[in-house]
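Q: I would like to learn how to read a protein model, one feature at a time. Could we look at one together?

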Amino acid sequence: MVDGKLSNVPAAQLLKQIPSTSIKSIELITNPSAKYNPDGMSGIINIILKKNIKIGFNGNINLGLNYQDNPKFDWFWFFGYVKVC
């Protein structure tokens with residue numbers, strides 16, 4: 001489980017993929033309810049991740065010049081304010 005949601009990824013592979021700085025805590029549920037394991041023979045690992053808060057401005061500018069038949073100039077810009085909680 002990750003943040004209380006079941007995952008199809010095996011626990012060993014999941015722990016290899018998640019950076020340790022992203023993990024807030026790990027819960028071991030030794031006696032899960034029948035909802036999670038009808039046999040009741042094993043436990044569940046619940047990995048609780050830190051909540052990322054990213055606030056700030058970001059942007060991107062792309063410029064291009066093409067010289068095939070006629071000179072062509074291309075440009076693109078993006079600017080935004082990000083707040084993710």
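Q: Is F57 buried or exposed?

A: The model we are reading is a predicted one. The general idea is that a residue is called exposed when its relative accessible area is over 50% and buried when that area is under 20%. F57 has a relative accessible area of 62%, so F57 counts as exposed.

Q: Where does F57 lie, and which residues does F57 contact beyond its neighbours within four places in sequence?

A: F57 has its place in strand β3. The C-alpha atoms of F57 and F79 are separated by 7.4 Å, although the two residues are 22 residues apart along the chain.

Q: Which residues form a nonpolar patch on the surface?

A: In soluble globular proteins, nonpolar side chains tend to be buried together. In this model, a nonpolar patch on the surface is formed by F57, I61, L63, L65, Y67, F73, W75, W77, F79 and Y81, which together have about 1400 Å² of accessible area. Two elements give two or more residues to this patch, namely β3, spanning 54-67, and β4, spanning 71-84.

Q: How many helices and strands does the protein chain have, and in what order do they run?

A: The protein chain has 1 helix and 4 strands, and when the elements are read from the N terminus on, they run α-β-β-β-β.

Q: What share of the residues is buried, and what do the surface and the contacts look like for the protein chain?

A: Of the 85 residues in the protein chain, 13% are buried. The protein chain exposes about 7500 Å², and carbon and sulfur atoms supply 56% of that area. As for contacts with a separation of 6 or more, 50% of them are accounted for by residues 24 or more positions apart.

Q: Which residues make up the largest nonpolar core?

A: A nonpolar core is read as a set of buried nonpolar residues whose side-chain atoms are joined within 4.5 Å. The largest nonpolar core here consists of 5 residues, V2, L14, I18, I23 and I47. Leaving aside the neighbours within four places in sequence, V2 is in contact with L14, N46, I47 and L49.

Q: Is N46 buried or exposed, and what does its side chain reach?

A: N46 lies in strand β2, which covers residues 44-49. The relative accessibility of N46 is 6%, and therefore N46 counts as buried. The side chain of N46 reaches the backbone nitrogen of G4 at 3.0 Å. Not counting residues up to four places away in sequence, N46 touches M1, V2, D3, G4, S25, I26 and E27.

Q: Where is I26, and how accessible is I26?

A: I26 has its place in strand β1, residues 23-29. With a relative accessible area of 45%, I26 is partly exposed. Apart from residues up to four places away in sequence, I26 touches I45 and N46. The C-alpha atoms of I26 and D3, which are 23 residues apart along the chain, are separated by 9.6 Å.

Q: What is the phi of D3, and where does D3 lie?

A: Most residues other than glycine have a negative phi. D3 is not a glycine, yet D3 has a positive phi of about 55°. The place of D3 is in the segment before α1, the helix at 11-17, and at 32% relative accessibility D3 counts as partly exposed.

Conventions
Residues numbered from 1 in each chain as written. Predicted model: local features only at pLDDT ≥ 70, side-chain atom pairs only at ≥ 80, totals over all residues. Heavy atoms only, no water. Patch = residues over 30% accessible without salt bridge, like charges linked within 9 Å, V, L, I, M, F, W, Y side chains within 5 Å. Areas by Shrake-Rupley, 256 points an atom, 1.4 Å probe, with all protein chains shown as cover. Salt bridge = Lys/Arg side-chain N within 4 Å of Asp/Glu carboxyl O. Buried < 20%, exposed > 50% of the residue type's maximum accessible area, 1.4 Å probe, protein only. Contact = heavy atoms within 4.5 Å. Polar contact = N/O pair within 3.5 Å; in protein donor to acceptor, adjacent residues only side chain to side chain.
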